[in-house]
Structure formats: structure tokens, C-alpha cells
Amino acid sequence: MTAPPAPRAAAERTPVLVDHAELHAALTDLFAAHGIPAARARLAADALCHGDLTGLDSHGVFNLGRLYLPLLAAGRCDPRAEPETVTDLGACAVVDARRALGLWAAAEAMDDAVARAARHGIGLVSVRGATHFGCAGFHAARAAHAGMIGVVASNCGGQRIARPPGGALAMLGTNPLSVAAPALDGHPFLLDMSTTVAPTGKVRVAARRGEPVPAGWLEDAAGEPVTDPAAFDRGEAFLRWLGGSARTGVHKGFGLGIAVELLAAVVSGAAVGPAPAALEGDGRPHGSDDDIGFFLLAIAPQVLRPDADVAATTRSLFGALTDCPPVRDGEPVRYPGWWEAELAAERRRDGIPLPPHLYEELTSLGLLGGRR
């Protein structure tokens, strides 16, 4: 018996399940075909798949054709770049990424920070000349997997997207920040956030799906809420900072955005958003995300306090949190990173759901062979 066809609108919205291993292998081959060495191509595929595995689809393969392939095609990213350490003080270093693909360059820099922390208790690698690194959490989690605390921040180079509270010109990027640490088994703590209410990718994903965004993500020039995500790329809406308004604490998100500029760009020598050139804008996003700066910090508590059982302390901390009685039955208390770990396990097993338009985009690139 043949089932009746689904209505066209429903079929256009039905996700296509894609096998994670197939997607990862296809991405690895694609990056390698662009000249990226094999091991680094696999690492870049790891970083890109992380977004789709953990539900951060705005930072997964959605960005392949929109961001990374144009970077490579335009020569703004050098596939064969070899990052250069320009300052090495033992526990900390400054690295020029020389336009390497940020997906793997940030991961290698965090691994370098972890190695330094294993020797000194703390390791800092400050990177300039970089390109977009995908999910900040992918790189911070590498420290957690090594039993350490990882802190990652990135500015957006010379790209200005968000306006200061009360300001008429876009001057800063979304400036992501992530902290990761070992926690309960199989569920590391992983905070991964933009310092604006939402990153631009989430707005564009909603626009592509034709769905409104929640009130509070965007505002118009007068500060009134906007829920049409397409208004952002039309220059009619602007991202709001975490905290929302002056009454509800907008200084917190704005201040964090500035802190990321200091940590990621001023320390490394990368391009900064609030430069004099920012004053030449017309209020809409402007500038380019070249010469991005990264801040990658690894802290090894067990090296700093060799007589302490740090692992037991962190298990107790997160165990106490998850033992907190819930307000509603069936809605247990969990911490950032918990549900992402659950979702990643599910999607590794059952497949990654991609919107039909994105699936068609990937097949047009020769990346995927068939639906599951």
C-alpha cells in the first residue's frame, strides 16, 4: 500500500536525516580538495559537524556555502597556511594564524594551550590573523576533554554588527565566549554564547526558514522590537545585547562584548571592531571579518593544586546542581552542555536532521549521496 504524498509545504519543511560519518567524510574530502592538509581537513570537519551534532545549526554546515567556501574562493583564507608563533614565554604565546582556516587553527591553538597548561598550570595562546572558527564551544571543550578548564573568546575582526547601547553606528561584532570544564560523566560543562542576545547565524537560519524570531533578539532604529529576521539583512533591524535594555542590564552584554575585544584582539594584535573606521558606518553592519583575534586559555587545577582532588570537587558541584528538586515533574535541573551532549549522542546514532534546502545545497556540492 502506498501512503498518500505529504502536502507540499510539509514536505518542504521535513528534515532530511544525514549520517554523521558520511557528512564528516564528505566535508573532510571537500576541505582537502581545497588544499588543506588531510589531518587539518579532518579537524575542520570535526569543528563544523560539532554545530549540527549539538543543535547549534547556525554554526554548522549552514555556514559552509555561505561563509567558508567563499573565504577560500576569494583567497581571504589560505588553505596551506602555517601559523607562526611570534612570541613564546612558556606558559603563554602569541600566534599569527596567517589566514589559516579558523575551524582547525583555533583547535590546534587550544591544544597548544593545553600542553602549556600541563607544564605550567596555565596555558594561554593568543591568535591574530585568523578567520572564523565556527562554534567557540568546540575549541573550549578540547580543554575539558583533557581534564582542564577551557576559556575561548573571539572578536569578529574588522566586522561591525552591533551598536553600543544608545549609539547610532554598528561598532562591535557578536563576539562569542565559551567556558568548558569536566563535569558529570559524558556531560561536560559547556557554555557557548554570543554576547548579543543571538548570533547572526540564528537570525539568518530563521529567515531562511521563514520563521519569526522571538521578541528581544532584534530592534529597529528607534529601539522597538522586531521579529522579522529578514529585516536584519535589509538593514532595518539590529541585534540587541544580552540584558536587553538599560533597565534590564544591557551593560552586561555590551561589557562582555568589549571584554572579548580586549582579550581576543588587543592582546593578540588583531583588527578591532571599535576602530576609527567604525565611525564611517551608516548604522548598518559593515566592515569585514578578516584578521580575527582568538583568546584560548587552558587552566589545569590539578597542576596548580596537586594535593587536591579537583575532579571530586567538580563532580560534587555538578551533582548538587542536578540533584536540585525541579519545579515541574519531568523537567530536571541540568547545566549548560548537558542537553548538547545528549543531542550529540542521539544524532551520532540516528543521523543529523538537515532542512531540505540545506540538504539540496550540500548535494549540489557533491557532498551527500542519498537520504536515510
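**Close-up views of strands and helices**

**Figure 1. Strand 4 and strand 11 run antiparallel and are joined by seven bridges.** The model is predicted: local features require pLDDT of at least 70, side-chain atom pairs count only at pLDDT 80 or more, and totals for chains, interfaces and linings use all residues. Residues are numbered from 1 along each chain as its sequence is written, and side-chain values use heavy atoms, with hydrogens and water left out. Helices (H or I, at least four residues) and strands (E, at least two) are DSSP runs numbered from the N terminus, and two strands pair if DSSP finds at least two bridges between them. Within this pairing, L124 has L297 in strand 11 as its bridge partner. Strands of a sheet pair through backbone hydrogen bonds, in either a parallel or an antiparallel manner.

**Figure 2. Strand 3, helix 5 and strand 4 form a right-handed β-α-β unit.** A crossover counts as right-handed if, with the strands pointing away from the viewer, the path from the first strand over the helix to the second runs clockwise. Helix 5 comprises residues 102-120. Strand 3 (residues 92-96) and strand 4 (residues 122-130) run parallel and are joined by five bridges. The bridge partner of V95 in strand 4 is V127, while D96 stands opposite R128 in strand 4.

**Figure 3. Helix 5 packs against helix 6 at an angle of about 25°.** The two axes are 9 Å apart. Helix 5 and helix 6 are therefore roughly parallel to each other (angles under 35 degrees count as roughly parallel, over 145 as roughly antiparallel, 65 to 115 as roughly perpendicular and the rest as oblique). Helix 5 passes helix 6 in a right-handed crossing; a crossing is left-handed if the near helix is turned anticlockwise from the far one by less than a right angle, and right-handed if clockwise. Helix 5 contributes G102, L103, A106, A107, M110, D111 and V114 to the contact, and helix 6 contributes F138, H139, A140, R142 and A143. Contact means heavy atoms within 4.5 Å. These residues divide into eight nonpolar, two polar and two charged, where Ala, Val, Leu, Ile, Met, Phe, Trp, Tyr, Cys and Pro count as nonpolar, Asp, Glu, Lys and Arg as charged, and the others, Gly among them, as polar.

**Figure 4. Helix 3 (residues 38-53) and helix 6 cross at roughly 115°.** Their axes come within 8 Å. That makes helix 3 roughly perpendicular to helix 6, and the crossing is right-handed. L43, D46, A47 and H50 of helix 3 meet G137, F138 and R142 of helix 6. Three of these contact residues are nonpolar, two polar and two charged.

Figure 5. Two bridges link strand 8 (residues 218-219) to strand 10 in the antiparallel sense, and L218 stands opposite L239 in strand 10.

Methods:
Axes are lines fitted to C-alpha atoms, for helices over the stretch in contact, and angles run from 0 to 180 degrees between N-to-C directions.
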